[in-house]
Amino acid sequence: MVAILDTTLREGEQTPYVNFSLSEKLEIARLLDQVGVEMIEAGDPSVSPSIATAVGKIAGLGLKAEVVAHSMAIKKSIDIAKSCGADRVAIFFATSSIHLDNKLHKSQNQALEIICEHIAYARSLGLKVRYTPEDATRTEFGFLIKVCNAAIEAGADRISFADTLGILQPHIMYERVCALRENLMPCKIDLHCHNDYGLALANAMAGIRAGADCVHTTVNGLGERTGIPDLAETIVAFHNLEGLNQYNIQPLMGISSYLEKVSGFFLAPNKPITGQNAFTHKSGVHTNGVLKDPKTYEPFDPAMLGRERKIVIDKYTGKSAVASRLDEYGIEVSPAELDVIVTRIKNLSDNRKQLFDTDIIEIAEKVTGREIDVIPHDINALVMLEVESHVYTTSVVRRLRSFKDVSAVYEVTGEYDISAIVNVENVSALNNLIEELRTVTGVKRTETRVILKKYSGIGNGGNHGNAG
Ligand code: HCA
Ligand code: CU
């Protein structure tokens, strides 16, 4: 039985330049509880008063998940964790000689004493205790066992095997966890795997195979440097590959987009599971296969996450994908017309980065000689923005360019100061995006025009969709 501790609120908030407001933290905790994670690490309350407030409020939400406060081995910090109402305190104290000698300036024996004293203190306050030997994976193994067993004797019922620098490989993780199991007194083993080599989830899965109990995650893989395993990847991988089915999968996309919004940290399109391209197919061979049977190129059904497969139309596209796209719009063409349309698409997209449905519809119109009266599913829109008079227009432009759905930004003359081209999947995404654009500091008002058809630029390489 695997458990998940999500630490978006603690490790995740350690992501460079990311800070959550109190209401965002409460929402994140509620969403995590809907997913069904067993533990929520809500923060280290001694770091700042606002973190203490948030941990206290989260502990008061009455969630199903156990609420964990992170803490240094300092009595005052443990007191604050207790006063916040956390169920458990996770006390961390490094054990590797690099950390003991160069950061903490403590001997192994001094460390052992400090660790045990603080665990016993937390237990005396009635808190459950996890002990984290920070940098465990670079700690001399004999000392690690000694410290962890002493911690268990002092009252810790969980040990977090922290790969603080993400240096393990799956086969080594497997061996280490087997050795921990052989040498440790009874306890639960958590795996806190950093992703410095992109091995975090693989390491966590190997550790679970070897008998560990719990994986630490964050939404969107946030965290110090390159973060730790992504919640959605972890849940879906364990569900599909290991048959673990205790979590709700449907809220995962929503929580991922919520975190994108409140962290300002956007996912790479090729990110597994939640990335924009996770179920998008391009080459003729792939799209032809997927249209005949999605199992040919999809490891699982995107509907599991409430997602849909997408097929990109461009020069790699074969006839079946174009026919299927035209069919979606109810556009009928003869086989000969289809041939010409595909040829035009291939020629056109040699000079263009991306073709939109408007382009494809327009090509079909030209080839068939009929006017086609449909509105494309994907939406291109022109958003005009007026900027407050005391704000630099360029600073607003800079902000706008960081939105992933904004493909081009122009400073313009006239009633409005800026015009932005946006490209989104549907009307509700357009609404959300406009709402967000309105929250950019300095934006006074906006006016949006949905682009119904695009006439200029076709065939001569002009494509505003990719400028900027
Ligand atoms: C850090 C501490 C930690 C703690 C992990 C844990 C790590 O370096 O900020 O308590 O399980 O990576 O060692 O995040
Ligand atoms: Cu960490």
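1. Glu 66 forms a salt bridge with Arg 88, and their closest N and O atoms are 2.6 Å apart. A salt bridge here is a side-chain nitrogen of Lys or Arg within 4 Å of a carboxyl oxygen of Asp or Glu. Glu 66 lies in strand β3 (residues 66–72) and Arg 88 in strand β4 (residues 88–92), so the pair ties together parts 22 residues apart in sequence. Helices (H or I, at least four residues) and strands (E, at least two) are DSSP runs, numbered from the N terminus. Both Glu 66 and Arg 88 are buried. Buried means under 20% relative accessible area, exposed over 50%, and partly exposed in between, with a 1.4 Å probe and protein chains only.

2. A note on the basis. This is a predicted model: local features need pLDDT of at least 70, side-chain atom pairs count only at pLDDT 80 or more, and totals for chains, interfaces and linings use all residues. Residues are numbered from 1 along each chain as its sequence is written, chains are lettered from A and ligands numbered from 1 in the order in which they are written, and side-chain values use heavy atoms, leaving out hydrogens and water.

3. The count of salt bridges comes to 30. Lys 366 pairs with Glu 362, with the closest N and O atoms 3.7 Å apart. Both lie in helix α14 (residues 357–368), four residues apart, about one turn of the helix. Glu 362 is buried, at 6% relative accessible area.

4. Glu 435 forms a salt bridge with Arg 438, at 3.8 Å between the closest N and O atoms. They are three residues apart in helix α16 (residues 427–439), about one helical turn. Glu 435 is partly exposed at 47%, and Arg 438 is partly exposed at 43%.

5. Which residues hold the copper ion (ligand 2)? The protein donors are Glu 11 (OE), His 192 (NE2) and His 194 (NE2), 2.1 to 2.2 Å from the ion. Donors are N, O and S atoms within 2.8 Å of the metal (3.2 Å for Na, K and Ca); water is not among the atoms, so sites may look incomplete. The donor spacing in sequence is E-x180-H-x1-H. Glu 11, in the loop between β1 (3–6) and α1 (22–35), and His 192, in strand β7 (residues 188–193), are 181 residues apart.

6. Glu 11 is buried at 2% relative accessibility. His 192 is buried too, at 7%. Glu 11 also belongs to a network of salt bridges with Arg 10, Glu 41 and Arg 130.
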